[in-house]
Amino acid sequence: MRKKWKKGKRFIKWILKLVEQNMGVCCVFQSIMALSSPSFFSSLPTPQAASNRNRRIHKFRSSTSVNCSKLGEFQNVLTDYVSSNHFPLSRTDRQSAILQIQDSSDLASALARHGDTLKVQDMNVILRYFGKLSRRWELYQLFKWMQQNQKINVASYSSYVKFMGKSLSCVDAVEMYRSINDRSIKFNVSVCNAFLSSLIKNGKSESSLKLFTQMKRDGLVPDVVTYSTLLSGCAKVNGGYYKAVELVQELMYNGLQMDSVTYGSLLSVCASHKECKEAAKYFQKMKDEGHSPNVYHYSSLLNAYSADRNYEMAEALIEEMRSAGLVLNKVIYTTLLKVYVKGGLFEKSKELLKELEALGYANDEMPFCLLMDGLAKSGHLLEAKSVFDEMIEKQVKAADGYSYSIMISAFCRSGLLKDAKKLASEFEEKYDKYDIVILNAMLSAYCRAGEMENVMSMMKKMDDSAISPDWNTFNILIRYFCKEKLYLLAYRTMEDMHSKGHQPEEGLCSSLIYHLGKTGAHSEAFSVYNMLRYSKRTISKALHENILHILIAGRLLKDAYVVVKDNAGFISQPAIKKFSVNFMRSGNVNLINDVIKAMHISGHKIDQESFDLAISRYIAKPEKKELLLWLLKWMPGQGYAIDSSTRNLILKNSHLFGHQLIAESLSKNLVMSEKVKLHKENARQRKLDG
């Protein structure tokens, strides 16, 4: 390589000497073309590089006079030609190019000038540089350029996904992964781990598990990091503990061994899902396998004990830590405080809080908030307020206002709305920063007090602060609007809630459905019913019948038919009867036979009145004779007979449908009815004889 580079330098000097001697440009370029043949270089340039070279040469020919007066311009073009086609840059030149790209204010032009001369690993250096500085726009631009120019490898994807973090949405991450065509990259374990981790960081643990299943099916061989990553996501999903157990079993089946990181993730899952005994079991198993637990492991187990209110085991664990020589840090002390608070040991909690203060671990509001919240929820409101006042007096750092939200909520629960409003106003005057917790607490206070103006003010603050409402926000507002009899506003709020992916509560939905039905908003009531029906929640059987009555009252009989067809087993016979009569009288005539058939299949006996009404509808519309003939043919086969009055009505109007067709149909109907009748009598007799 060094030999080739020296040859290239001699070549450039020779060309420049020709120019200085006023040799014709055409001769110079003929020399260049001759020397670019395979006999001069050991390897040919790529077609793309050759094409770029030819364009540059053509441009130079057309813009340069024969006397070669623009020596500097020719030197730049020639140097660019040689470096981009045949002669690799030195390490110093590559480092210089990297710095120029990193420092450029115009990344696109910098990449156009220097990108082709750099290697993939050089581009990865720049990628990591932008990532560490959180310059995500340049990170995005560079990665797109690397993709387009095929200067990309495993490390590129891993680094990009890692540094983008939450800026890379769930949808973008999945689409990017699926767009990878190189299988060696797509199923590389570090690349897969990076994408799975990205989904989990964005709160999409369910999606990460689905993608993991697809990755395995397509060829991924997961490692311990893969399972640790997925385990960390199980802490925040429904049924996460059981999914975590499945992952651990799969890990062992694949011949992998649990390490301290994997155990740490598993302990965290146990704590999140209140599996105290399982957490203790895995903690002991980890030690038995020779892994030394660190502060993180002890903290997770302490969290599990706090969920179980097991302060005795927590204290024993603290002694074990001391015996092992581990330093009890702020996290451990705070977690122990949580154990005492959840166990109702408020005196011990107060003593420990003082110890935290002495150690300098109570400089922020969190330890105070733990004690305050526990006291307030246990009915010790005055003591909670005393802790709050002490915290304010000591000027403890309360940047996020969590302490205010605890006390505002506590006052609201106790019906002390005046105190709640006063504290909410104090917070507004004192702080210019909001989060969803404090805003919900203040919103709840104003809603309970019935102060619409302040409710609207809080909603505007959320909008101005770009804070997205959460599940709790929507529930507070919907309950408030229902209380104020603003049912359509409550409905629109629930629509917004549903569109944001939050599942509505059945009790709240049932109440809103009832009130919407009462006020004549029948279609809106049905919309709320569908929101609940298509959610993952199990809904009560009574709700199906309630919505059916609302739909019948609103003449939404087609929708009522859907409810009956899907939920007939949960609806009473009188309600089915009411629906049947109403549909036969005024429902879509083209669906009458479908309704009758669906009701029969569901096990509901169709009475003569419904058949009479259906046949009367068909007689009123002679063009529907095919539907009438189908019904007459279907009835006897299912054990239904036509009574004499209905038969006479059909015969009286037979000229509308064709005398012959009607006569044949009624004759077959009568024969079939007699057979069915005889069969039933024989069955009854056999039963009596038996």
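Analyst: This is a predicted model. The mean pLDDT of the protein chain is 81, and 81% of its residues reach 70 or more. Over residues 1-7, however, the pLDDT is below 50, and this stretch has eight contacts beyond near neighbours in sequence. Residues 56-86 also stay under 50, with 51 contacts in the model beyond four places in sequence. Where pLDDT is low, the predicted coordinates should not be read in detail.

User: What is the secondary structure content of the protein chain, and how much of the chain is buried?

Analyst: The protein chain has 39 helices and zero strands. Of its 690 residues, 43% are buried. The accessible surface comes to about 36,200 Å², and carbon and sulfur atoms contribute 52% of that area.

User: Why is Ser156 called buried?

Analyst: The cut-off for buried is under 20% relative accessible area. Ser156 has a value of 0%, and is therefore buried. This residue lies in helix α9, which covers residues 154-164.

User: What makes the pairing of Ser156 with Asn124 a polar contact?

Analyst: The limit for such a pair of N or O atoms is 3.5 Å. The side chains of Ser156 and Asn124 meet at 2.6 Å, so the pair qualifies. Not counting residues up to four places away in sequence, Ser156 touches Val120, Asn124, Leu127, Phe143 and Met146.

User: How do you know that the length of helix α7 agrees with its number of residues?

Analyst: Helix α7 holds 13 residues (120-132), which at 1.5 Å a residue should span 18 Å. The expected span is 1.5 Å times one less than the number of residues. The end C-alpha atoms of α7 are 18 Å apart, so the two values agree.

User: Which residues of α7 are buried, and what do they pack against?

Analyst: The buried residues of α7 are Asp122, Met123, Asn124, Ile126, Leu127, Phe130 and Gly131. They pack against α5 (91-103), α6 (107-114), α8 (136-148) and α9.

User: Why is Lys274 called exposed?

Analyst: Exposed requires over 50% relative accessible area. Lys274 stands at 63%, so the label applies. Lys274 lies in the loop between α16 (260-272) and α17 (276-288), and its phi is also positive, at about 60°, although it is not a glycine.

User: Why is Asn440 called buried, and which residues does it contact?

Analyst: Its relative accessible area is 4%, under the 20% cut-off, so Asn440 is buried. Asn440 lies in helix α26 (residues 436-449). Leaving aside neighbours within four places in sequence, Asn440 is in contact with Asp470, Asn472, Thr473 and Ile476.

Conventions: Residues are numbered from 1 along each chain as its sequence is written. This is a predicted model: local features need pLDDT of at least 70, side-chain atom pairs count only at pLDDT 80 or more; totals for chains, interfaces and linings use all residues. Side-chain values use heavy atoms; hydrogens and water are left out. Helices (H or I, at least four residues) and strands (E, at least two) are DSSP runs, numbered from the N terminus. Buried means under 20% relative accessible area, exposed over 50%, partly exposed in between (1.4 Å probe, protein chains only). A polar contact is a pair of N or O atoms within 3.5 Å; within protein, one must be able to donate a hydrogen and the other to accept it, and residues adjacent in sequence count only if both atoms are side-chain atoms. Contact means heavy atoms within 4.5 Å. pLDDT is the predictor's confidence in each residue, from 0 to 100. Accessible areas come from the Shrake-Rupley method with a 1.4 Å probe; for residues, only the protein chains shown count as cover.
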